[in-house]
Amino acid sequence: MSRKSAFKVGLLILGAYILAALSSSVITPYSPTALVGRPLDGPSDTHLLGTNDLGQDIFSRLLYGTRATLIIGLLGALLSVSVSTLVGTVSAYYGGGVDEVITRSVDVLMTLPSFPLLLVLTIFFAPSIFVISGLMGVLGGMQGIRIIRSQVLSLVEANFVYGAKAIGASDLRIMTRHILPNVLPLATVKFVFAAQRYMLMGVGLGFLGLGDPSVVDWGQMISRAYYNGGFALGLWWWLIPPGIAVTLLSVALALLGYGLEEEIYPRLKRSVAI
Amino acid sequence: MKAEYLMRRVLYSLLAFMISVSLTFVLLHLMPGDYLHSILPYLAEKNPDAARMFREQFGLNRSISEQYLLYMVNIIQGNWGYSFLYGLPVLAVIEEKLRWTLVILFPSTVLSIFIGMAVGAYSGWINGSKTDLSVLNFMIFVGAVPSYWWAMLLILIFGFHMNLFPLGGYASIDALDVGVRISDVLRHAALPITALTISSVPGTYYLMRNSTLQTTGEEYVLTARSKGLREMEILRHHALKNAMLPMVTVIALELAQMIMGSVFVETIFSWPGLGLLTFEALRVRDLPLLQGIFLMDTLMVILANIVADLSYPFIDPRVKVGESV
């Protein structure tokens with residue numbers, strides 16, 4: 001599969017997921033939380049993917065679960081990329097003391113293991129999908145600050161920035177109109193990869209029992225099926241669908257990310273005649 | 001220069017450690033619900049005396065600042081407090097669990113670095129070819145599948161259906177009679193190690209592939225090629241060593257990633273390590289134990305960073321410590 005088609009496939013799958021999330025309340029036959037059938041029924045005409053141990057329709061839960069996962073992934077990624085772009089740009093643009101303080105703090109903060117910290121903070125702020133994505137956004141922004149900063153450092157020396165300064169453009173204008181458009185491609189790639197990571201983490205938190213209890217999420221579905229005998233009894237329709245759903249979304253985002261990355265850094269495409 | 005750099009490095013690490021201590025202390029103490037309420041909800045009502053004694057025993061009756069100061073002093077002295085859950089010194093609990101974590105963490109780190117670098121170097125060297133692209137796509141796929149899903153699939157296929165490996169735990173039930181045997185533990189560790197390795201190989205692979213890709217255009221490669229060396233020889237003797245350099249810092253990052261992976265993998269395999277301990281401590285809100293685990297995680301990452309920094313000049317004699325690491 002070439003990079004271009006990988007990108008397209010990724011985009012297509014992501015689009016399908018977004019569509020599923022938006023329309024889940026229309027196309028699902030049952031409410032995701034209602035007890036609508038016999039517990040542990042296999043797939044049938046009335047229940048496409050069967051029912052779980054409570055008699056809830058798994059197909060409906062699967063579709064509703066798309067929402068929480070997408071929100072955590074996309075919102076978390078948006079926050080983290082915004083934080084790292086903002087801080088990284090300011091740090092590199094102003095340089096001097098500001099830069100020194102920011103780089104040193106990032107150096108120190110990057111040593112903290114972010115995942116264990118995320119676990120504690122999630123418990124502390126009570127698990128809700130918005131809290132989780134907010135925390136991921138702030139904690140995950142550190143590495144991005146470094147990357148954006150080094151990109152901006154080279155831009156600050158560019159002629160068009162000198163030119164803009166010479167004609168008296170304000171710092172804010174230079175940063176938003178001249179520098180930002182140049183880091184945007186890089187930020188977009190970071191956004192896609194961050195969305196993939198956070199989405200997986202969100203489902204992972206649900207699996208560990210730290211998910212938002214008020215929403216249907218795939219992590220909770222997997223953990224429930226796993227610990228209540230989903231596979232020991234061979235009830236594949238209980239355990240497999242949420243797992244496949246996470247995996248497929250993750251693969252789609254990865255394809256999208258790598259496809260974009262190659263568009264932005266043509267050097268990755270460079271091929272040597274052997 | 002060297003001494004100054006080392007000093008700065010140590011100072012940073014110390015600072016990071018202090019911040020991590022303070023941060024976890026503040027957060028954990030502001031966390032909703034203490035141990036007394038989550039484990040013995042009626043004790044405080046029924047028997048105020050017992051509740052008071054409990055608080056005194058664990059120092060929960062003192063002011064926050066006093067507790068913090070005490071905690072700092074104790075940490076430095078190696079007394080990391082007592083776990084509510086186990087009633088044992090935190091450091092002792094962590095030490096025991098850390099050993100079990102290392103049993104799966106060490107082999108999988110080594111394996112994933114080795115496999116990732118080997119495949120990544122090869123793939124980067126023949127970049128653009130059909131083999132490279134299919135390996136790349138395969139790795140992207142492997143990396144995109146979450147670690148907990150790999151772990152479950154492994155149990156499902158090799159443990160449950162093929163019955164080759166145990167479903168979880170670290171020793172068979174007959175360990176009660178004959179004691180824990182190494183071969184038995186290894187049989188139990190096989191699947192967790194595989195799961196951890198699978199989920200961290202793609203990261204190493206991708207970085208190594210990029211790193212190798214950069215060397216393919218270098219002039220020493222051209223020179224070697226014009227001398228008529230075989231491709232694989234150039235890769236092994238010239239390109240590989242240079243491509244490996246940036247990978248050293250990756251090892252530290254890898255470890256931080258693995259700590260995360262081990263929480264899921266250990267929970268799924270019921271492997272009695274730090275990951276499972278984290279899960280348990282979170283469930284019962286065991287504050288001192290959680291603090292200890294985070295401190296240990298921070299220490300491990302700090303240590304890995306320092307080792308990576310210090311080993312750099314050995315791997316590349318051109319780089320002196322302190323210069324453009």
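**View 1. Where chain B touches chain A in this predicted model.** The contact between the two chains draws 47 residues from chain B and 35 residues from chain A, two residues being in contact if their C-beta atoms, placed from the backbone, lie within 7 Å. On the side of chain B that touches chain A, the elements giving two or more residues are α1 (2-30), α7 (130-144), α8 (147-161), α10 (182-215), α13, α14 (274-284) and α15 of chain B; helices (H or I, at least four residues) are DSSP runs, numbered from the N terminus. The largest share of this side, 10 residues, comes from α1(B). By class, the side of chain B that touches chain A has 31 nonpolar, 14 polar and 2 charged residues, where Ala, Val, Leu, Ile, Met, Phe, Trp, Tyr, Cys and Pro count as nonpolar, Asp, Glu, Lys and Arg as charged, and the others, Gly among them, as polar.

This is a predicted model, in which local features need pLDDT of at least 70 and side-chain atom pairs count only at pLDDT 80 or more, while totals for chains, interfaces and linings use all residues. Residues are numbered from 1 along each chain as its sequence is written, and chains are lettered from A and ligands numbered from 1 in the order in which they are written.

**View 2. The packing of α13 against α15 in chain B.** Helix α13 (residues 247-269) of chain B and helix α15 (residues 287-315) of chain B pack at an angle of about 165 degrees, with their axes 7 Å apart; axes are lines fitted to C-alpha atoms, for helices over the stretch in contact, and angles run from 0 to 180 degrees between N-to-C directions. The two helices α13(B) and α15(B) are therefore roughly antiparallel, a term for angles over 145 degrees. Among the residues that make this contact are Leu255(B) and Ile259(B) of α13(B), and Met300(B) and Tyr312(B) of α15(B). The residues of the contact of α13(B) with α15(B) divide into 12 nonpolar, 3 polar and 1 charged.

**View 3. Confidence along chain A.** The mean pLDDT of chain A is 86, and 96% of its residues reach 70 or more, pLDDT being the predictor's confidence in each residue, from 0 to 100. Within chain A, confidence is lowest in helix α4 (residues 114-124) of chain A, at a mean of 79, and highest in helix α2 (residues 58-94) of chain A, at 92. Over residues 268-274 of chain A, pLDDT stays under 50, and for these residues the model has 12 contacts beyond four places in sequence.

Methods:
Parallel < 35°, antiparallel > 145°, perpendicular 65-115°, else oblique.
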